[in-house]
Amino acid sequence: MFNWLHPYAKTERAYALCNTLLPYFFVTAVVGLLVGFIWGLAFAPTDYQQGDSFRIIYIHVPSAILSMSTYVAMAIAGFVGLVWQWKTAYMSMIAIAPVGAVLTFISLFTGAAWGKPMWGTWWIWDARLTAQLILFFLYLGVMALYGAFSDKTQAGKSAAIMALVGVINIPIIHYSVEWWNTLHQGATITKFGKPSIALSMLWPLLISIVGTVGLIGTLVMMNLKNQILRRELHRPWVIALLQKTEQR
Amino acid sequence: MNGKTSITSNYTDILRLNAQGLSCIKQDRILFEDFSIQVHAGELIHLVGPNGAGKTSLLRILVGLSEPETGGVIVTDAARSETASFSGTETPSENKIDYPLLYLGHKLGLNQYLSSVENLAYWANMHGIATDQHELYALLARFNLVGLEDVPSGQLSAGQQRRVSLARTQLLHTHVWILDEPFTSLDVSGVAFIQDLVDDFVAQGGAVLMTSHQALQSRLPVKTVTLEYRL
Amino acid sequence: MKSVNPLTSIIKRDLVLAYRQKAELLQPLLFFVMVITLFPLGIGPGPETLQKVGPGVIWVAAILSALLGMDKLFRDDFNDGSLEQLQLAHVSLSWAMFAKVFVHWCGSFLPLLLISPLLALFLNLTPAMYWALIQTLALGTPLLSLIGAIAVALTVGLQRGGVLLSLLLIPVFIPLLIFATSAVDSAAMGLNYAPQLAIIGAMLCFAVAITPFAISYAIRVSHH
């Protein structure tokens, strides 16, 4: 069933795939983020309750939602690495980690910035922010564990195990933190229910989310390419590639 | 890299361990690629190579502690698979034994707070073998450790600890010994003693694959397999 | 030939070793007590404040003391090569790991449970709160041991495991902390805290079922 995926166990094919896909993600990122942010930050109607300060959700919500999905993607990459023993899977996992960590940090930062006008304080221990903080630590843990090993294959396996432990814990953490504190407003986008925000505010939000997905893809692929080059420096195809770029 | 010299012996038609196409990558460096080795009964194989060539990594792959990048190892006469549960003693079939291999690596496997007798007893028990106190004392006496049997292992010298570790070769009924630098820390008489043990085992149909930086002073023919250092 | 159950010999060996190093076992316990002593000194000795922060303080101290003492779980056996030999024996590694974690729990957390009445006294907990506390400790500390053992197994080959271990484990222990302290707080208010205990119990069941495999896999990875 996954036969189409198997060629990408080889780093050369994975590198080529990154090169092919990178432009698409880049364009999505640029267009999505520009349109979404400009629309949301400048043109969307003012919220009757929160005034203009609500506009930060156009940065906060995409980063918050996607920080979690990115962790799951990282854990899946780790899982693939453990089951099929692919080096490219481990490399993908560690390429995703810093991008996800920064995304989580952005969500924390913007969440705190949103909190100032809303609750009058720069930080509050509500369910969402606390869960994001814990997610941030989970990312840092995976990165720290990976960095502690000098043999990168062993590093990949260990970090993958920790990523899986983390991914199993994320729902538990979310449930427990939410249960611990229900101050944050309920979800503004639900799949089946009517969204509780107006459509004119929703569209730029969705576009921002799509743009952020593009951004994540772009950054991960760039990171993955670097990982591959760094670790495969002795391979003939890398040497040929470097010679070609030197000639240009 | 394939040792192709054959030795004349009564047993060399029995294949104990067969490794084909092994590759090992450590720290993104290829240690060896497409390496094969066969160990037959009655063979004494000396694995040589410079420091860092990958001898220890190869031994660990043969024994099952590490996974190779490519290739596989087949051990004949294994009675149980590696994932066998601890419980239940199956009636062994005719030619199969529980432990076709015995591995003694760089690390001694002795806990410093336990005495030699205790260390040996626990090690044997872990392999499902019951031991008798008197047997163990007699064994340690053979290894020139009289009076030190009940001392915590951490207080023994390196050479004495090495001898306790090697005493385990006499506790397990097995076909192949895989020894990584067994002569480390041993004095001249210790080296001769262990070499005798190895020779006796091989003469009776066992097989030994070992590394050592010194040439082996064996009374039996020694097959040399070389692992080269790759950049 | 007489044969022996390898698992009982592993348990016996670990118990003997724990007994011979009992001075080392006392250290995390003393740490636990001293950390708890710091709080009245830092916050002030007012009985009501202490009672309010008591459950949280005891649980945080338990987690910190656990992180301190957990590194010992596999380090000696890894360094002297005993874990290598254990992998080569025909013992189920998962069962062996479960046995080792169990003995470690007996050595590190059982004393903690025994000393808890003293701490309840220090922090002015009511009997109802104490009863809830001991239940959460009884159910929760095995969780700390089991899940912690995974991270210990992963970092056992590293030179400096200590702080990395805390970074890895603290996020994972947070749900347990939340439910345990909530149980004791509910007891303080006279409310039913069976749901919290049930959730901790469920997490424990899950951990008992899954972690031995994860721990043995992590041990194999460390011997890579």
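# Helix packing and chain contacts in a predicted model

Reader: In this predicted model, at what angle do helix α3 and helix α5 of chain A cross?

Author: Helix α3 of chain A covers residues 87-119, and helix α5 of chain A covers residues 152-180. Their axes come within 10 Å. They cross at roughly 60°.

Reader: Are α3(A) and α5(A) parallel, perpendicular or oblique to each other?

Author: The handedness of the crossing is left-handed. For the class, the angle decides: 65 to 115 degrees counts as roughly perpendicular, and under 35 as roughly parallel. The crossing is at roughly 60°. The two helices are therefore oblique.

Reader: Is Tyr146(A) buried or exposed?

Author: Tyr146(A) sits in helix α4 of chain A, residues 127-148. A residue needs 20 or more other C-beta atoms within 10 Å to count as buried. Tyr146(A) has 22, so Tyr146(A) is buried.

Reader: Which residues does Tyr146(A) touch, leaving out those up to four places away in sequence?

Author: Ala160(A) lies 14 residues along the chain from Tyr146(A), and their C-alpha atoms are 8.8 Å apart. The residues touched by Tyr146(A) are Ile94(A), Ala155(A) and Ala159(A).

Reader: What is the handedness of the crossing where α2(A) passes α6(A)?

Author: Helix α2 of chain A spans residues 57-84, and helix α6 of chain A spans residues 199-231. They pack at an angle of about 50°, with axes 9 Å apart. They are therefore oblique to each other. The crossing is right-handed.

Reader: How many charged residues are in the contact of α2(A) with α6(A)?

Author: The α2(A) side includes Ile57(A), Tyr58(A), Val61(A) and Leu66(A). Across from them, the α6(A) side includes Pro204(A), Leu205(A), Ile209(A) and Ile216(A). By class, the contact has 11 nonpolar residues, four polar ones, and no charged ones.

Reader: Which helix gives the most to the side of chain C that touches chain A?

Author: This contact takes 18 residues from chain C and 20 from chain A. On the chain C side, α7 (127-155), α8 (162-188) and α9 (194-222) each supply at least two residues. With 10 residues, the helix that gives the most is α8(C).

Reader: How many polar residues are on the side of chain C that touches chain A?

Author: That side has 17 nonpolar residues and no charged ones. The polar count is one.

Reader: Which helix of chain B supplies the largest share of the side that touches chain C?

Author: The contact takes 26 residues from chain B and 28 from chain C. The largest share on the chain B side is four residues. They come from residues 116-126, helix α2 of chain B.

Reader: What share of the residues of chain B count as buried?

Author: Chain B has five helices and eight strands. Along the sequence they run β-β-β-α-β-β-α-α-α-β-α-β-β. Among contacts between residues at least 6 apart in sequence, 73% join residues at least 24 apart. Of the 231 residues, the buried share is 40%.

Reader: How far apart are the C-alpha centres of domain 1 and domain 2 of chain B?

Author: The domain assignment gives domain 1 as 1-78 + 96-100 + 175-231 and domain 2 as 110-173. The C-alpha centres of domain 1 and domain 2 of chain B lie 24 Å apart.

Reader: How many of the 10 residues of helix α4 of chain B are buried?

Author: The buried ones include Arg162(B), Val164(B) and Leu166(B). Their cover includes β5 (101-104), α2, α3 (133-142) and α5 of chain B. The helix is largely enclosed by the rest of the structure, because the buried count is eight.

Terms used. Residues are numbered from 1 along each chain as its sequence is written. Chains are lettered from A and ligands numbered from 1 in the order in which they are written. This is a predicted model: local features need pLDDT of at least 70, side-chain atom pairs count only at pLDDT 80 or more; totals for chains, interfaces and linings use all residues. Axes are lines fitted to C-alpha atoms, for helices over the stretch in contact, and angles run from 0 to 180 degrees between N-to-C directions. Angles under 35 degrees count as roughly parallel, over 145 as roughly antiparallel, 65 to 115 as roughly perpendicular and the rest as oblique. A crossing is left-handed if the near helix is turned anticlockwise from the far one by less than a right angle, and right-handed if clockwise. Two residues are in contact if their C-beta atoms, placed from the backbone, lie within 7 Å. Ala, Val, Leu, Ile, Met, Phe, Trp, Tyr, Cys and Pro count as nonpolar, Asp, Glu, Lys and Arg as charged, and the others, Gly among them, as polar. A residue is buried if 20 or more other C-beta atoms lie within 10 Å of its own, exposed if 12 or fewer, and partly exposed in between; C-beta atoms are placed from the backbone. Domain bounds come from an automatic or database domain assignment.
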